[in-house]
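This report walks through selected local features of one chain. Please keep the sequence and the coordinates open while reading.

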Amino acid sequence: MRVGVFYFPVDYGINIVELAQALEERGFASLYVPEHTHIPTSRKTSFGGGGELPKRYAHTHDPFVALSFAAAATKKLILGTGICLIPERDPIVTAKCVASLDQLSGGRFVFGIGGGWNVEGMENHGAQYKSRFKLMRERILAMKALWTQEEAEYHGDMVDFDKVWSYPKPLQKPHPPILLGGETDYTLRRVVEYCDGWFPRPQRGWDIRYERDRLRRFAEEAGRDFSSLFISVFRAPADAAALGEYRDAGIQEAVLEIPDQSRDEILRVLDKYAPLLG
């Protein structure tokens, strides 16, 4: 099982280049960064974590720009979005971002995706909360066409274009792995329909074997080979015993959170986590 980290790439934090190099030097396998193009000041949508929305949500660099700098400064570190908000992104532009980063990084990109939670934020992008998952599905299917077809086209209810040329193609074939965040049964159905893996957050009382088998059941019901699906646990506990259970359960990746604090504090956290790589 590989162990990586999740970090908000904030404009007041450690430089993403230094962070990426520090991770690779310590033997971490991956770095995931989230996406928030902006945060509406109305704050009508309440924060799912409760209380005030943390400062970091409004201060993130663009994930593809940040990961490009990280890619250029490392050789083995896997680079991922955790997560990319697909309802807020044009699929043709995003397909090119993904393919470019994957090719230039030597095939080290993982495409973590999600539907988003901020109603006003997605409305600013012309998307609607109630139809965000239908939009996400069509945009991902359209991107797959752009990555795999020489003359790509897609015709859906919400995404529609005739034949186009779109290069570069991703280095990974047929495309970088697509991991979907979320924990509901609806999420698992989407994972087995059009994704390559699951990116869940541990909930209170979470049993990793039960959750793994939940995904297995949905895969079997849909006729999908369970062994083709990757499970990466997002915000995994920084606990040796818990990570040992993940390894024993056959989980492929655990992603630990590191804080948006000072450079020195972040490096101390990495040193603290390093023995968990085992």
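## Negative surface patch

In this predicted model, a patch of negative charge sits on the surface. Its members are Glu150, Glu151, Glu153, Asp160 and Asp162. Glu150 belongs to the loop that runs between helix H5 (132-148) and strand S5 (152-155). Its relative accessibility is 49%, so Glu150 counts as partly exposed; the exposed class begins over 50%.

Helix H8 covers residues 240-248. Ala242, Leu243 and Tyr246 are its buried residues. Viewed down the axis of H8, they fall within an arc of 95°, so the buried residues line one face of the helix. The face turned away from that buried side carries Ala240, Ala241 and Asp248, which are exposed.

## A buried strand residue

Strand S4 spans residues 109-114 and includes Ile113. Is Ile113 buried or exposed? Ile113 is buried, because its relative accessibility is 0% and the buried class takes in values under 20%.

Ile113 can also be placed against Tyr154. The two are 41 residues apart in sequence. In space, their C-alpha atoms are 20 Å apart.

## Salt bridges

Side chains of opposite charge can pair when their charged atoms come close. With a cut-off of 4 Å between side-chain nitrogen and carboxyl oxygen, the model has 16 salt bridges.

One of them joins Arg56 and Asp260, at 3.5 Å from N to O. This pair links distant parts of the chain, 204 residues apart. Arg56 lies in the loop between strand S2 (30-33) and helix H2 (63-72). Asp260 lies in the loop between strand S10 (253-257) and helix H9 (263-273). Arg56 has a relative accessible area of 17%, so it counts as buried.

Asp213 and Arg216 form a salt bridge, with their closest N and O atoms 3.5 Å apart. Both residues sit in helix H7 (residues 208-222). They are separated by about one helical turn, because they are three residues apart in that helix. Asp213 is partly exposed at 25% relative accessible area. Arg216 is partly exposed too, at 29%.

Arg263 pairs with Asp264, and here the closest N and O atoms are 2.6 Å apart. Arg263 is partly exposed, with 38% relative accessible area. For Asp264 the value is 43%, again partly exposed. Which residues form a network of salt bridges with Arg263? Glu18 and Asp264 are linked with Arg263 in that network.

## Backbone exceptions

Most residues other than glycine have a negative phi, and most peptide bonds are trans. The cases below depart from that pattern.

Gly82 and Ile83 are joined by a cis peptide bond, with omega of about 10°. Ile83 is part of strand S3 (residues 78-85). A cis peptide bond also joins Tyr167 and Pro168, where omega is about 5°. Pro168 lies in the loop between strand S6 (160-164) and strand S7 (178-181).

Arg43 is not a glycine, yet its phi is positive, near 55°. Arg43 is in the loop between S2 and H2. Its relative accessible area is 29%, so Arg43 is partly exposed. Arg235 likewise has a positive phi of about 55° without being a glycine. Arg235 is located in the loop between strand S9 (230-234) and H8. Arg235 counts as partly exposed because its relative accessibility is 30%.

Methods: Residues are numbered from 1 along each chain as its sequence is written. This is a predicted model: local features need pLDDT of at least 70, side-chain atom pairs count only at pLDDT 80 or more; totals for chains, interfaces and linings use all residues. Side-chain values use heavy atoms; hydrogens and water are left out. Patches are made of residues with over 30% relative accessible area and no salt bridge: like charges are joined within 9 Å, nonpolar side chains (Val, Leu, Ile, Met, Phe, Trp, Tyr) within 5 Å. Accessible areas come from the Shrake-Rupley method with a 1.4 Å probe; for residues, only the protein chains shown count as cover. Lys and Arg count as positive and Asp and Glu as negative; His and the chain ends are not counted. The place of a charge is taken as NZ of Lys, CZ of Arg, CG of Asp or CD of Glu. Helices (H or I, at least four residues) and strands (E, at least two) are DSSP runs, numbered from the N terminus. Buried means under 20% relative accessible area, exposed over 50%, partly exposed in between (1.4 Å probe, protein chains only). The arc is that of the directions from the helix axis to the C-beta atoms.
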